[in-house]
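The exercises below treat charged pairs and nonpolar packing. Work through each task before reading its solution.

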Amino acid sequence: MKEMVFAGSGGQGVLTCGLIMSDIAVSKGMNATWSPSYGSAMRGGTANCTVKYGSDYIYNPQQEQPDVLLAMNEESFRMFMPIVAPGGICVISDMVTCDTNIRDDVTVVRIPCMQIADESGSVKLFL
């Protein structure tokens, strides 16, 4: 079984990303869960979701030790990076400006989200 956590601010699409990933897993014949969590303020409040998928039965759909973390802001990075599984991957937005070299056993990949959004003509794509 694989576990992924998508985290950021409301309106950044992290819940939608998780839903899409769980749909992909199901379309490939796997078992999958999607567990969203968001604050009372949909836009601007915190939002995250956990996706688990695999061929085996999923006994616990809640966050445990994700293999992959997508952190769209610093708050999410700081909150979820400590629980990423050793050997895991953390994908971060260029909006994460804090020190990201806090664990040697997790690979951090920075995506220039704001640059991509600007080049596409819509900064709203990644806000």
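**Exercise 1.** Classify D105 by its relative accessible area, then do likewise for its salt-bridge partner.

Solution. The partner is R103, and the two side chains form a salt bridge at 3.0 Å, N to O. A salt bridge here is a side-chain nitrogen of Lys or Arg within 4 Å of a carboxyl oxygen of Asp or Glu. R103 has 18% relative accessibility and therefore counts as buried.

The model is predicted: local features need pLDDT of at least 70, side-chain atom pairs count only at pLDDT 80 or more, and totals for chains, interfaces and linings use all residues. Residues are numbered from 1 along each chain as its sequence is written, and side-chain values use heavy atoms, with hydrogens and water left out.

**Exercise 2.** Find the salt bridges of K52 and state which parts of the chain they link.

Solution. Step one: search the whole structure, which gives four salt bridges. Step two: pick out those of K52. Its side chain meets that of E3 at 3.9 Å, N to O. This pair joins strand β1 (residues 2-9), which holds E3, to strand β3 (residues 46-54), which holds K52, across 49 residues; strands are DSSP runs of E with at least two residues, helices runs of H or I with at least four, numbered from the N terminus. The side chain of K52 also meets that of E64, at 2.4 Å, N to O. Here the partners are 12 residues apart, with E64 in the loop between β3 and β4 (68-71). E3, K52 and E64 are linked in a network of salt bridges.

K52 is buried at 0% and E3 is buried at 4%, whereas E64 is partly exposed at 43%.

**Exercise 3.** Which residues have the most contacts inside the largest nonpolar core?

Solution. A nonpolar core is a set of buried Ala, Val, Leu, Ile, Met, Phe, Trp, Tyr and Cys residues joined through side-chain atoms within 4.5 Å. The largest has 13 residues, and L69, F77, M81, C90 and I92 have the most contacts inside it. Two or more residues each come from β1, β4, α2 (74-80) and β5 (89-93). Beyond four places in sequence, I92 is in contact (heavy atoms within 4.5 Å) with residues including A71, F77, V108 and I111. A separate core of 10 residues includes M4, F6, A47 and V51.

Definitions and conventions. Buried means under 20% relative accessible area, exposed over 50%, partly exposed in between (1.4 Å probe, protein chains only).
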